[in-house]
Amino acid sequence: MNQPALNTFQSNRPALNFSFGNNGTGNKLTDKTFEDWRKLIYDQCGIYFQDNKKYLLESRLQKRIAFLKIDTFEKYLEYVKFNPRKSDELKYLYEVITINETFFFRNQPQLDALVTMIIPEILNSPLKINKNKIRIWSAASSSGEEAYSIAMAFNEMIKPKYPGLSLEVVGTDINYQVIETARSGVFKEYAVRNTPSYYMKKYFKQDGSNYHLDPQIRNMATFKMLNLYDQMAMKSMTGFDVIFCANVLIYFDLKSKVQVVSQLYNSLNKNGYLFIGYSETLHGISKAFKLASFPKTIGYKKE
Ligand SMILES: C[S@@+](CC[C@H](N)C(=O)[O-])C[C@H]1O[C@@H](n2cnc3c(N)ncnc32)[C@H](O)[C@@H]1O
């Protein structure tokens, strides 16, 4: 990880007088400081730490505090708030506070619905303008396993039937580290543990403990940093046929869920579909979509 030199910040803002040098591990997050941290994180990215997640937040922040050798959680908060390069520090903050659990073929019924029903339906729709390309967004992609699973399923199930059709998958996440892993196309055993053996043999090359994804599949997806709670950035994401936004809404509160889902709606083409996680629902969040049933899963259609 290339992290900015601390002394640059110190020399730019001597008035704040941070006591660098402590490893920051002896501190506890007080209720008041937890509130302040919760507000800052929520305002920046929509993630809401419930009361019972106080110790989780404490241990996550501890990592960054120890790295920066700042004395207390209060001082780290000041450091983030008044940092002349606030966006840089936020980037590192997101790396410690986000949970990036994911794996290949995490939701097979959604993939089946995509390749057997949704893509053929979209291609038949008179509203689909460019019939040579399907655009899919893996929002909150983590290290790319979902995006690449989509690309593999497309290659196997759609490409033979529609040879002229291309797929563009865009993966986005707020955590820069996971984006870098996604771009590398190199994964550990944990990530491939659920991958059907046919796909393992065809699309991965094992090299020690690393699994290298076939470059053909890697080239079907691109990845970039994007904060789903950043309304301006979200406006740039348009023209998608299908959006997968799974296992991230659980970290938001109702207000941030409503905002994000309404922007995802705007990002979809008419007749496009949104998929969310198994344990998530749009009930009470959006009435804009029509519920669509598929074998063993549901999707949300923009009509
Ligand atoms: C549990 S992972 C889910 C990954 C994948 N979608 C899946 O279902 O396997 C949640 C991801 O959401 C990302 N995330 C959290 N808040 C975000 C935000 N405001 N904007 C973009 N991504 C966010 C995290 O960095 C993390 O990688």
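Tutor: In this predicted model, the pair to look at is helix α6 (residues 108-124) and helix α7 (residues 145-157), which pack at an angle of about 40° with their axes 10 Å apart. Angles under 35 degrees would count as roughly parallel, and the angle here therefore makes α6 oblique to α7. The crossing of α6 over α7 is right-handed.

On the α6 side, the contact is formed by Leu-111, Leu-114 and Val-115. Facing them in α7 are Ser-149, Ile-150, Ala-153, Phe-154 and Met-157. By class, this contact has 7 nonpolar residues, 1 polar residue and no charged ones.

Helix α2 (residues 31-45) and helix α4 (residues 73-81) have axes that come within 10 Å and cross at roughly 25°. That angle is why α2 and α4 are described as roughly parallel to each other. Their crossing is left-handed. From α2, the residues in the contact are Thr-33, Asp-36, Trp-37 and Leu-40, and from α4 they are Phe-73, Glu-74, Leu-77, Val-80 and Lys-81. The contact of α2 with α4 divides into 5 nonpolar, 1 polar and 3 charged residues.

Where the domains touch, 7 residues of domain 1 are in contact with 12 residues of domain 2. On the domain 1 side of that contact, helix α5 (residues 86-97) contributes the most, with 3 residues. The residues on this side comprise 4 nonpolar, 1 polar and 2 charged.

The ligand brings the two domains into one description. Its shell takes residues from both domain 1 (6-97) and domain 2 (108-301), so the ligand lies between them. In total, 25 residues surround the ligand, and the closest are Thr-98, Thr-102, Ala-140, Ser-142 and Ala-246. The shell is made up of 11 nonpolar, 10 polar and 4 charged residues.

To return to the pair you asked about, α6 and α7 cross at about 40°, through a contact whose residues are 7 nonpolar, 1 polar and no charged.

Notes: Residues numbered from 1 in each chain as written. Predicted model: local features only at pLDDT ≥ 70, side-chain atom pairs only at ≥ 80, totals over all residues. Near = placed C-beta within 6 Å. Nonpolar A, V, L, I, M, F, W, Y, C, P; charged D, E, K, R; others polar. Domains from an automatic or database assignment. Axes fitted to C-alpha atoms, helices over the stretch in contact; angles between N-to-C directions. Helix = DSSP H or I, 4+ residues; strand = E, 2+ residues; numbered from the N terminus. Parallel < 35°, antiparallel > 145°, perpendicular 65-115°, else oblique. Left-handed = near helix turned anticlockwise from the far one by under 90°. Contact = placed C-beta atoms within 7 Å.
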